[in-house]
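Morning, everyone. I'll take you through one structure today, sheet by sheet. Please have the viewer open.

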Amino acid sequence: MQLLNIENCQKRYGEKLLFENLNFSISKGQKIALVAKNGSGKTTLLRLIAGEEGPEGENAKIELNQDTHRYYLRQEPKFLAGSTVMETVYDSENPVIRLIHEHEMALLSNDAEKIQELALKMDDQKAWKTEVRIKETLSRFNILDLDQSIDELSGGQIKRLALAKMIIDEPAFIILDEPTNHLDLDMIEWLEQYLQNPNLTIFMVTHDRYFLERICSEIFEIDQAALHIYRGNYSQYLEKKENRVQNELVNQEKAQKLYKKELEWIRRMPKARGTKAKSRVEKFSEIKAQAFNKRDDTSLKINLKSSRMGSKILEAHAISKSYGDLSIVESFSYKFKKRERLGLVGKNGVGKSTFLDLLTQKIRPDGGKIVVGDTIKFGYYTQDGITLNQDKRVIEVIRDIAEYIPLEKGLKLTAESLLETFLFPRSQQQVYVSQLSGGERRRLYLLTILMENPNFLILDEPTNDLDILTLNVLEDYLMQFPGCLLVVSHDRYFLDKMVDHLFIMEGKGVIKDYNFTYTEYRNEVKSKRYDVATKGDIGPSKTERQEKQEKVVDREKQKKIKNRINKIERELEQLETRKSSLTEKFMEELSMEDITKYSKELEEVKSAIDAFEEEWMVLSEENQT
């Protein structure tokens, strides 16, 4: 069933053409991801699909199936100011959800008559299961205080609330703009499983490449204002895109040869031309455009100069930090080594950003000390660090920091070249910061950190709002980075590629040192060598784990014994009935053949009864121990 149809759509942002001639449809069950550079119109297209913007272009139209309930999850969701979390959750067109809200309010007001009336309605509507599902969903996204005002929530809490509300509303068609931002890794993996539901129709923008690989069956790409559609997941998209680009390069080479030939003809022709000649002149313009249509697929190939690092880099000596009863770090010690590449993992609210602030001496520990080597220069990318001057041009922002980064062999990487490397072409370098998209501003802020040429990079959620193409460039840059790297990220693909060593923040001040990649860590968790269960702990001690496993085994054993006893009792009841029936047979007049037959069967029944009774006795004794 077709849910949405788009024809002949285009969109401009000022003078910039975002996309044109968009024609596609979305059917029930499709799971589509949209890929493009920041500033190419991804969010604009999502708003068109969500019905928040109208189409541009001659004969453009967007048609939505009237029976389709769609939900648009924005990058930065907005809710009614002054409302509570409960009011936001239950603000729904779904009558069952509204009924549950009435019941909740009656409970709060302790109105016994109203509670009884609504309880009967809840029974009729079978709303109790929905109520349980709502509470489970809120708990899954760590939304516990329903009386809290929306105005008091952080951006991450707002995003989690919007996701929970979407799941509670159960829309058939969901439109997602970076759904994994502000989620911890456990939440992301749960959301990934939820989105794999075959009944869901999805159109989303995400930088999470594991999402793309495991969920999506089609990839839409906006490239140079045109839409390209690829059937398959992310890895298949990469293969098919490479084939398309290679074909374009071949066609461009042919166009360049034809352009030279046509150029010679144009120069030889006299000024007065016939109709056929004029047609050829017009065609010449098209050939020229195709021949010199440059692709901006920058590949990073630079040799960064390693800043001198002394023997002492960064040392934590039994540091501790608490806020009231909340312990962030307790007696943590570690000495960083040259070229270490570490990831920091933990649930939301466990204190990852605080830990980074301790290491960079932005805040002081309650106990212990941090020692930073004399040669260490931090580059610290924070989640809330964007304070760019809106009235400056892009190139001015970078030049204010430095004119160049030193490379090996005395070479230099200029500010202009670094911007080009990170997908800011020369023309865009003259654009004012105020004209950039959210993702482009993030990218520019990242460059202000890199331009300072640090030798110890600390990146707190660097992948938020960055497109996949930028992430590829950043990963290439970091692979060549000669200093130390410490990363906090919810992007599993990014973690796997960038780091081979993890600090796991378990909560209550405990930080574990785990010398493997993130996927290896999660595989170990899932195999129950660590107990993460609902509390999200990394795991109990070996003795506790063994005791827990033994208890599980004991419970399973007891369950099997009880089941077997019940089955034996049923068998004995049937055998006793058969024994009585056979005994009564001998009260009748029987032939020798029947006497022999029934005697043999009676002996078999008695033997079976004896065997079952003996087994029942043994099992009963085991069940009592």
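Let's start at one residue pair. Glycine 346 stands opposite methionine 505 in E19. Before going further: this is a predicted model.

So where does that pair sit? Glycine 346 belongs to E12, and five bridges join E12 to strand E19, residues 501-507. These two strands run parallel. Now look at the other neighbour. E12 covers residues 341-346, and four bridges join it to strand E18, residues 484-488. That pairing is parallel too. Two pairs to click on here. Leucine 342 stands opposite leucine 486 in E18. Leucine 344 stands opposite valine 488, again in E18.

Now zoom out. What is the strand order in this sheet? Reading across, it is E14-E17-E18-E12-E19-E20. That is six strands in an open sheet, with mixed pairing. The edges are strand E14, at 378-381, and strand E20, at 510-514. Each of those two pairs on one side only. On average, neighbouring strands here are turned by 15 degrees against each other, direction ignored.

Back to E12. Is it buried or exposed? Six of its six residues are buried, so the strand is largely enclosed by the rest of the structure. Both faces are covered. On one side you have Arg341, Gly343 and Val345. On the other, Leu342, Leu344 and Gly346. Note the arginine: Arg341 is buried along with the others.

What lies over this sheet?

One pairing to show you. Strand E6, residues 173-177, and strand E7, residues 201-205, run parallel and are joined by five bridges. Within it, leucine 176 stands opposite methionine 204.

**A helix pair**

Now H6 and H7. Helix H6 is 155-169, and helix H7 is 185-195. They pack at about 25 degrees, axes 13 Å apart. That angle makes H6 roughly parallel to H7. The crossing is left-handed.

Which residues meet? From H6: Arg160, Leu163, Met166 and Ile167. From H7: Met187, Trp190, Leu191 and Tyr194. The contact divides into seven nonpolar residues, no polar and one charged.

**Two asparagines with positive phi**

Last item, for anyone checking backbone torsions. Asparagine 110 has a positive phi of about 60 degrees, although it is not a glycine. It lies in the loop between helix H3, 95-109, and helix H4, 112-125. Asparagine 453 also has a positive phi, near 55 degrees. That residue is in the loop between H14 and E17.

Which is buried, which exposed? Asparagine 110 is exposed, with a relative accessible area of 63%. Asparagine 453 counts as buried, at 18% relative accessibility.

That's the tour. Questions, please.

Definitions and conventions. Residues numbered from 1 in each chain as written. Predicted model: local features only at pLDDT ≥ 70, side-chain atom pairs only at ≥ 80, totals over all residues. Heavy atoms only, no water. Pairing = 2+ DSSP bridges. Axes fitted to C-alpha atoms, helices over the stretch in contact; angles between N-to-C directions. Parallel < 35°, antiparallel > 145°, perpendicular 65-115°, else oblique. Left-handed = near helix turned anticlockwise from the far one by under 90°. Contact = heavy atoms within 4.5 Å. Nonpolar A, V, L, I, M, F, W, Y, C, P; charged D, E, K, R; others polar. Buried < 20%, exposed > 50% of the residue type's maximum accessible area, 1.4 Å probe, protein only.
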